[in-house]
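Me: Hello! I am new to this structure and would like to walk through a few of its features with you.

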Amino acid sequence: MASWPIFSNSVEARYFASLVPLVNCLRLVINGFSLVTDEGLVKSVTREGNPGELLRGPLYYVLMLILCAVVFWRESPTGVISVAMMCGGDGIADIIGRSFGSQKLPYNQRKSWAGSISMFAFGFLVSIGMLQYFSALGYFQLDWIGTIQKVALISLVATVVESLPITEVIDDNISVPLVSMLTASLTFGS
């Protein structure tokens, strides 16, 4: 997402920017079905070292990046926030939760207070940072008092959804960006 501003203003730019995630998507599918074996990829992107894992969370992650680029691009706070919540919020929550997450949430023993707090904080901070970046480059103008409040609400909703014991039903690489998109669309109107 940080590289989106280097692309032209043409309509096709969003599709061209989606080529890198699309290539990564194909790489995940090829390795996930074990048509090719890239042990480095499997070890770096999966939790259990099973190539089939590439067809779940990592693949959903890349598909959401493509969706945000194609649908929202750089003209909408919605896409920026959705990617920021997935990358900055959920990504850091996993790292912090695994490292410092001894106190589990009462309704989900697979999630921790440390992970959820970091999900909210980093999702909020990365979202605000990326919104400032895109705003400074002139892609949209924001009322910052209202924006901070809206992003706090979006971060809270995304954090609650990420903390729910629903990962067997829907992966958080799908639920977090989708709920962020919905909440951002409702609050920003875009």
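Me: Where is Trp 73 found?
Reply: Welcome! This is a predicted model. In it, Trp 73 belongs to the loop between α4 (57–71) and α5.

Me: Is Trp 73 buried or exposed?
Reply: A residue counts as buried when its relative accessible area is under 20%. Trp 73 has 2% relative accessibility, so Trp 73 is buried.

Me: What is the phi of Trp 73?
Reply: Trp 73 is not a glycine. Even so, its phi is positive, at about 50 degrees.

Me: What is the phi of Ser 34, and where is its place?
Reply: Ser 34 is a residue other than glycine with a positive phi, near 60 degrees. Its place is the loop between α2 (19–32) and α3 (39–45).

Me: How should I class the exposure of Ser 34?
Reply: Exposed means over 50% relative accessible area and buried means under 20%. Ser 34 has 46%, so the class is partly exposed.

Me: What span should helix α6 have, and how far apart are its end C-alpha atoms?
Reply: Helix α6 covers residues 113–136, which is 24 residues. At 1.5 Å a residue, α6 should span 34 Å. That agrees with the distance between its end C-alpha atoms, 34 Å.

Me: What covers the buried residues of α6?
Reply: The buried residues of α6 include Met 119, Phe 124, Leu 131 and Phe 134. Among the elements that cover the buried residues are α5 (77–100), β1 (104–105), β2 (108–112), α7 (144–163) and α8 (172–188).

Me: Which residue with a positive phi follows α6?
Reply: The phi there is near 85 degrees. The residue is Gly 138.

Note on methods. Residues numbered from 1 in each chain as written. Predicted model: local features only at pLDDT ≥ 70, side-chain atom pairs only at ≥ 80, totals over all residues. Heavy atoms only, no water. Helix = DSSP H or I, 4+ residues; strand = E, 2+ residues; numbered from the N terminus. Expected span 1.5 Å × (residues − 1). Buried < 20%, exposed > 50% of the residue type's maximum accessible area, 1.4 Å probe, protein only. Contact = heavy atoms within 4.5 Å.
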